[in-house]
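Hi,

Here is the structure I said I would send over. Have a look at it first, and then read on for what I found.

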Amino acid sequence: DYTAFVGIYGAKGLAYIKVNEDGLQSPILKFLPEDVVSAIVEKTGAVSGDLIFFGADKAKVVNDALGALRVKIGHERGIVETGWKPLWVVDFPMFEYDEEEKRWVALHHPFTSPKDGHEDLLESNPGGALSKAYDMVLNGWEIGGGSVRIHREEVQSKVFRALNIGIDEANEKFGFLLEALQYGAPPHGGIAFGLDRVVTMMAGAESIRDVIAFPKTQRAQCLLTQAPSHVDEKQLKELHIRVREAAKA
């Protein structure tokens, strides 16, 4: 059930249009203007015998859901190309908008450098600012990711302001960094590779759990050490941790 599958990614439904020799078939055609339907068919290049899936929601929900569905159908239909297909994903947005908190949050982390020429967008149009973050993808698996870091104090301060971090809070939490950047720092960046994912692909396994010596369960439990387990009061005091009972409804 493809509708249930996209629901995993937050989609509330899955719309479709079937292209037949004698016309189009779909329960939602009556809700769409004719020019919109024509544009969908033209944009997809669909011909008789094709089935078009599409969705309507926030961009992230639609992209995640239909992206996963595309891969799923590709494997089911046996049309996934063989061989190693590496690629770089670049030009990530600097920020994404948090609807609950009503503010911008860092998509990667607040120390990622903006793309050259996008520094002024950090305050004038945060949603349009792109970053120097990058991922390396191999056959649909993200095997590495990283970014170029901010090395100028004025740019870092702009990012903090875009994230609604005031001067006092910025100095309290990151004053050491802002001060260090004032004395000059070279452009720098890096990338971290997921070796377990590379090994998974080399072994032809379905999951990284198949190549990890002691994988955790779906509930993050370790069957070897039985962790997490009970911690006594003395251990909690040594670590200055206090456990509070959840409020009863």
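Below are my notes, going from the overall layout down to single residues.

One thing before you start: this is a predicted model.

**Layout**

The protein splits into two domains, with domain 1 running over 1-80 and domain 2 over 86-219. Their centres, taken over C-alpha atoms, are 32 Å apart.

As a reminder, strands of a sheet pair through backbone hydrogen bonds.

If you want to zoom in on one pair, take β1 (residues 15-20) and β2, which are joined in the antiparallel sense over three bridges. Val19 is the residue standing opposite Leu24 in β2.

**The nonpolar core**

Which residues of the largest nonpolar core touch the most other members? That core has 14 residues, and the ones with the most contacts to other members are Met94, Phe95, Leu122, Val159 and Phe160. Two helices, α5 (153-162) and α6 (167-182), each supply at least two residues of this core. α5 gives the most, with four residues.

Not counting residues up to four places away in sequence, Phe95 touches Trp104, Val105, Ala106, Leu107, Leu122, Pro126, Val159, Ala162 and Leu163.

Asp91 sits in the loop between β4 (86-89) and β5 (95-98). Is Asp91 buried, exposed or partly exposed? Its relative accessible area is 36%, so Asp91 counts as partly exposed. The side chains of Asp91 and Lys115 are joined by a polar contact of 3.1 Å. Beyond four places in sequence, Asp91 touches Lys115 along with Leu130, Ser131 and Ala133. For a sense of distance, Asp91 and Gly10 are 81 residues apart in sequence and 25 Å apart in space, C-alpha to C-alpha.

Ser113 is in another loop, the one between β6 (103-106) and α4 (121-124). Ser113 counts as buried because its relative accessibility is 9%, which falls under the 20% cut-off. Leaving aside neighbours within four places in sequence, Ser113 is in contact with Met94, Ser131, Lys132, Val148, Arg149 and Ile150. Met94 is also on the list of core residues above, and Ser131 also touches Asp91.

Finally, Thr200 lies in helix α7 (residues 195-203). With a relative accessible area of 0%, Thr200 is buried. Where does the side chain of Thr200 reach? It goes to the backbone oxygen of Asp196, at 2.7 Å. Setting aside neighbours within four places in sequence, Thr200 is in contact with Trp141, Ala205, Ser207, Ile208 and Val211.

That's what I have for now.

Cheers

Note on methods. Residues are numbered from 1 along each chain as its sequence is written. This is a predicted model: local features need pLDDT of at least 70, side-chain atom pairs count only at pLDDT 80 or more; totals for chains, interfaces and linings use all residues. Side-chain values use heavy atoms; hydrogens and water are left out. Buried means under 20% relative accessible area, exposed over 50%, partly exposed in between (1.4 Å probe, protein chains only). A polar contact is a pair of N or O atoms within 3.5 Å; within protein, one must be able to donate a hydrogen and the other to accept it, and residues adjacent in sequence count only if both atoms are side-chain atoms. Contact means heavy atoms within 4.5 Å. Domain bounds come from an automatic or database domain assignment. A nonpolar core is a set of buried Ala, Val, Leu, Ile, Met, Phe, Trp, Tyr and Cys residues joined through side-chain atoms within 4.5 Å. Two strands pair if DSSP finds at least two bridges between them.
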